Amino acid sequence: AEAEASMLTLDADGDGKVTLSEFERGLSPATVKLIEGQLNAAGRLDSFRPLVDVARIFSQLDADHTGSLSAHELGTALAALGITGVD
């Protein structure tokens, strides 16, 4: 349910996938801070630089390398980061 709600928020063109551009535009400042905090916690990603590393992170989340995130990939990413209740 969390991934589906996030898909509705992030999938601007409604095609069922989230592109890098949609991902960058669709995250609220609060969610960006939450993700940054999780990535900086416990050595998950040393020296995280949001403006440089968003594309790298997106690429890692894109498990099937299609250039977009499916609901499953997004859900897996949120779960791996321990993030719930994002807007």
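1. Glu22 is buried (under 20% relative accessible area, with exposed meaning over 50% and partly exposed in between, for a 1.4 Å probe and protein chains only) yet forms no salt bridge. A salt bridge is here a side-chain nitrogen of Lys or Arg within 4 Å of a carboxyl oxygen of Asp or Glu. The nearest side chain of opposite charge is that of Arg25, 5.2 Å away; for charge, Lys and Arg count as positive and Asp and Glu as negative, while His and the chain ends are not counted.

2. The model is predicted: local features need pLDDT of at least 70, side-chain atom pairs count only at pLDDT 80 or more, and totals for chains, interfaces and linings use all residues. Residues are numbered from 1 along each chain as its sequence is written, and side-chain values use heavy atoms, with hydrogens and water left out.

3. Glu22 belongs to helix α2 (residues 20-26). Helices (H or I, at least four residues) and strands (E, at least two) are DSSP runs, numbered from the N terminus. Residues up to four places away in sequence aside, Glu22 is in contact with Leu10, Asp11, Ala12, Asp13 and Lys17, where contact means heavy atoms within 4.5 Å.

4. Ser68 is part of strand β2 (residues 68-69). Ser68 counts as buried because its relative accessibility is 8%. With residues up to four places away in sequence again excluded, Ser68 touches Lys17, Val18, Thr19, Phe58, Asp62 and Glu73.

5. His65 sits in the loop between α4 (50-61) and β2. Although His65 is not a glycine, its phi is positive, at about 55°. His65 counts as exposed because its relative accessibility is 65%.

6. In helix α5 (residues 71-81), the buried residues are Glu73, Leu74, Ala77, Leu78 and Leu81. Viewed down the axis of α5, these buried residues fall within an arc of 130°, so they line one face of the helix; the arc is that of the directions from the helix axis to the C-beta atoms. An α-helix has 3.6 residues a turn, so residues three or four places apart point the same way. His72, Ala79 and Ala80 are exposed on the other side of α5.

7. Leu81 is located in helix α5 and counts as buried because its relative accessibility is 12%. Leu81 and Leu34 are 47 residues apart in sequence, and their C-alpha atoms are 9.5 Å apart in space. After α5 comes Gly82, with a positive phi near 70°.
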